[in-house]
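Good morning, colleagues. Please have the sequence and the model open while I speak.

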Amino acid sequence: METFYSILPELIRIVICAVCGAVIVFGNALVMGYAERKLAGHIMLRPGPMEVGPHGIYQLVIDGLKLMGKQLVVPAKADPLLFRFAPLLAFAPVFVPLLVLPFSEKIQGFDLDIGLLVILALASINLLAILIGGWASNNKYSLFGVFRAVSQNVAYEIPMLLSLLAVVFMTNSFSLKAVVAAQSPVWFIVIQPLAFLIYLVSIVAETNRAPFDLPEAESELTAGFHTEYSGMSFSLFVLAEYANMFIVSSVATVFFLGGSSGIPLPYFEYSGIIWFMLKVYSLMFFLVWIRWTYPRTRFDQLMNFCWKYLIPFALVNLLITVVMVKLL
Amino acid sequence: MSMDVKALEDDRHHRYVLNMGPQHPSTHGVLRVLLELEGEYAMNLLPVLGYGHRCHEKIAEFKPAKSFMPNTARMDYLGALIYNHGFAQLLEKAAGIEVPERVEYIRVITSELNRIQSHLLWYGAYLLDLGAFTPIMYSFDDREHILDILEDVTGSRLTYCYFRVGGVSKDIDEKFVTGTRAFIKRLRSRFPMYEDLVNGNIILQKRLIDVGELTPHTCARYGITGPLLRGTGVAYDMRRAEPYSIYSKFDFEIPTGTKGDCMASFMVRFHEMEQSLRIIEQALDGLPEGSIMAAKVPKKLKIPAGDYNSSVEAPRGELSYYLVSDGSDVPYRLKVRTPSYSNLSVIPEMCQGMLLSDVVSAMGALDLVIPEIDR
């Protein structure tokens with residue numbers, strides 16, 4: 001009993017964090033789903049969703065209900081177990097990285113010493129889910145999507161890691177809180193502009209979004225790895241995509257844009273979270289913006305770009321960083 | 001190459017057969033392409049036709065030639081007026097009907113508007129194939145203006161049946177002229193935006209340059225015409241090569257490329273829109289007054305026995321009608337030579353050894369209209 005009482009606050013903390021994580025995931029999906037459609041609409045000179053509610057703000061709710069009501073079709077020759085399991089595997093791990101993100105100095109689930117590693121490790125599970133889902137669909141287009149997804153994600157994880165590693169060498173810590181604290185005079189985007197650019201390019205590929213949306217290139221592969229998915233199992237992939245966008249943008253915010261630091265707002269103790277969200281959503285706006293502007297790259301060009309430019313530059317950047325850290 | 005996917009895979013089990021279409025986002029209709037892939041490289045391609053076949057040529061043998069006009073519009077729904085033009089010209093040639101000058105001007109103006117409309121749709125759809133979602137909305141915005149203008153005079157928005165043997169069905173009015181002039185101004189002001197947003201984009205250039213290269217020799221072997229041929233540097237355009245109607249009166253250029261790759265035909269089509277605008281401008285300036293129907297067009301149009309041919313430049317290449325008459329008002333045989341059919345036939349050679357993404361770019365560069373292939 002004694003031990004139970006001693007760990008009770010921690011348990012409650014876990015529950016609260018998990019609930020907050022779920023709220024963020026679903027809230028983010030609603031906001032981003034609506035914002036992306038609205039932004040896409042305005043970029044394309046059309047109004048976007050307008051019918052359900054004022055300016056179509058309930059569109060996503062209605063879409064969610066529709067998707068929940070749809071039948072989950074499992075193709076005849078698909079592997080039924082893996083086919084159903086893949087969307088869950090894509091969606092389940094996105095909650096955990098949210099627990100270690102420092103939304104402000106005071107709002108953070110757990111400040112782990114290996115915060116960055118937790119995020120990166122769990123973010124890679126998404127790829128496994130895509131692999132399982134595409135393979136289990138028993139569809140050639142899905143399989144092509146998977147081929148592309150795996151090689152693309154594996155390749156782009158390297159420059160992504162290397163660019164973050166440059167910052168880690170400067171702060172000497174994997175803890176996200178420590179990284180934010182280290183940026184008190186200048187943000188790392190000023191000191192590490194190349195690392196930031198490399199990271200920015202890598203996250204577009206990591207989240208499988210245009211112009212690097214080759215795993216789901218619909219003009220070539222109809223819908224890529226989720227061709228056979230319908231209803232909620234499809235929307236779980238979409239939810240996971242938006243959650244992953246949020247996570248990678250948050251990591252960019254924490255590592256390069258000073259996290260929650262900003263001008264303190266009057267009468268508001270937790271102004272940090274406003275700055276944090278502002279930075280995260282600006283980055284996500286950027287991702288949406290380029291998605292609706294550029295054509296898609298070709299697969300070999302994408303891979304060449306990674307192996308021939310991003311990784312060498314990231315390595316050079318890392319080397320310079322290490323030498324400078326040692327010297328200064 | 002057999003058409004059975006399973007048999008094909010068993011036959012060459014180290015290769016992977018991907019069945020693209022008949023329902024596929026980038027085949028633009030009911031074209032089916034069997035791709036034999038090694039990894040992502042297409043080693044062999046086989047276009048499978050026949051999903052949209054409506055026996056247009058056979059239908060022509062069962063009704064008076066004059067009433068075949070609506071069918072011509074259904075062959076190439078994007079170049080309907082130009083198809084009208086070719087057919088009207090064929091019957092006029094066969095029956096020896098003189099067309100008033102105003103009619104020729106109206107035909108040229110509307111045909112060129114139709115050509116721009118077709119190119120605008122291709123522009124958007126091609127970029128959609130390449131993964132850019134936005135330009136199609138911009139080009140449709142412009143295209144909508146043409147459809148509105150043409151709707152006023154022809155009564156329809158896509159499958160026009162506006163030309164008659166010996167004339168056109170309705171005269172153009174002041175509203176049409178001012179609307180067209182306003183459109184010319186608008187489209188000219190939009191070109192710089194297209195250049196900035198799309199044509200100069202590095203991703204687009206990397207996707208198109210050196211992809212699907214054709215040589216004039218290959219084009220000659222397959223009978224490829226239109227922007228693809230002009231992209232290889234051969235300035236062959238029916239409006240100049242064998243001037244029909246009153247095209248010889250106008251001052252316009254034939255845009256050509258040099259390399260014959262997808263980028264060349266892309267730029268040829270893009271510049272053709274500007275040249276069509278020039279033709280329309282000149283035609284509007286010189287538009288004469290007069291009748292819109294030839295004086296003597298018999299109700300029952302008897303075509304003297306013999307062979308007749310009429311060729312026009314459709315948005316996708318050379319369009320020819322070949323008619324054999326036995327002296328009655330119903331054609332004995334009507335053969336339509338449509339450009340996309342010949343253009344499509346180069347696909348197996350053009351795309352051999354290409355990446356799947358490049359196959360999509362190359363097919364988009366052909367600007368296929370499937371109902372024109374499957375008539």
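This is a predicted model: local features need pLDDT of at least 70, side-chain atom pairs count only at pLDDT 80 or more; totals for chains, interfaces and linings use all residues.

I begin with chain B as a whole. Its secondary structure comes to 16 helices and nine strands. The radius of gyration of chain B is 21 Å, close to the 21 Å that the globule rule gives for 375 residues, so chain B is as compact as a globular protein of that length. Along the principal axes, the C-alpha atoms of chain B fill a box of roughly 70 × 50 × 35 Å. Of its 375 residues, 50% count as buried. Among the contacts in chain B with a separation of 6 or more, 69% come from residues 24 or more positions apart.

Next, a helix pair. In general, two packed helices are described by the angle between their axes and the distance between the axes. In chain B, the axes of helix α4, residues 80-95, and helix α5, residues 101-129, come within 7 Å and cross at roughly 140°. On the α4(B) side, the contact is made by Ala80(B), Leu81(B), Ile82(B) and His85(B). On the α5(B) side, Arg107(B), Thr110(B), Ser111(B), Asn114(B) and Arg115(B) take part. By class, this contact has three nonpolar, four polar and two charged residues.

I turn to the two chains together. Their contact takes 26 residues from chain B and 22 residues from chain A. On the side of chain B, the elements that give two or more residues are α5, α6 (135-154), α8 (202-208) and α15 (356-365). That side has 14 nonpolar, six polar and six charged residues.

Which residues touch the most other members of the largest nonpolar core? Of its 188 residues, they are Ala243(A), Ala252(A), Phe255(A), Leu35(B), Val359(B) and Ala362(B). Helix α12 of chain A, residues 231-256, gives the most to this core, with 15 residues. Leaving aside residues up to four places away in sequence, Ala362(B) touches Val211(B), Gly212(B), Cys262(B), Met350(B), Cys351(B) and Met354(B).

Finally, the backbone of chain A. Phi of His55(A) is near 55°, a positive value in a residue other than glycine. His55(A) lies in the loop between α1 (2-43) and α2 (59-69), and counts as partly exposed, with 14 C-beta neighbours inside 10 Å. Phi of Asn208(A) is also near 55°. Asn208(A) sits in the loop between α10 (193-206) and α11 (218-221), and is buried, with 27 other C-beta atoms within 10 Å.

Terms used:
Residues are numbered from 1 along each chain as its sequence is written. Chains are lettered from A and ligands numbered from 1 in the order in which they are written. Axes are lines fitted to C-alpha atoms, for helices over the stretch in contact, and angles run from 0 to 180 degrees between N-to-C directions. Helices (H or I, at least four residues) and strands (E, at least two) are DSSP runs, numbered from the N terminus. Two residues are in contact if their C-beta atoms, placed from the backbone, lie within 7 Å. Ala, Val, Leu, Ile, Met, Phe, Trp, Tyr, Cys and Pro count as nonpolar, Asp, Glu, Lys and Arg as charged, and the others, Gly among them, as polar. A nonpolar core is a set of buried Ala, Val, Leu, Ile, Met, Phe, Trp, Tyr and Cys residues joined through C-beta atoms within 7 Å. A residue is buried if 20 or more other C-beta atoms lie within 10 Å of its own, exposed if 12 or fewer, and partly exposed in between; C-beta atoms are placed from the backbone. The radius of gyration is taken over C-alpha atoms; the globule rule is 2.2 Å times the number of residues to the power 0.38.
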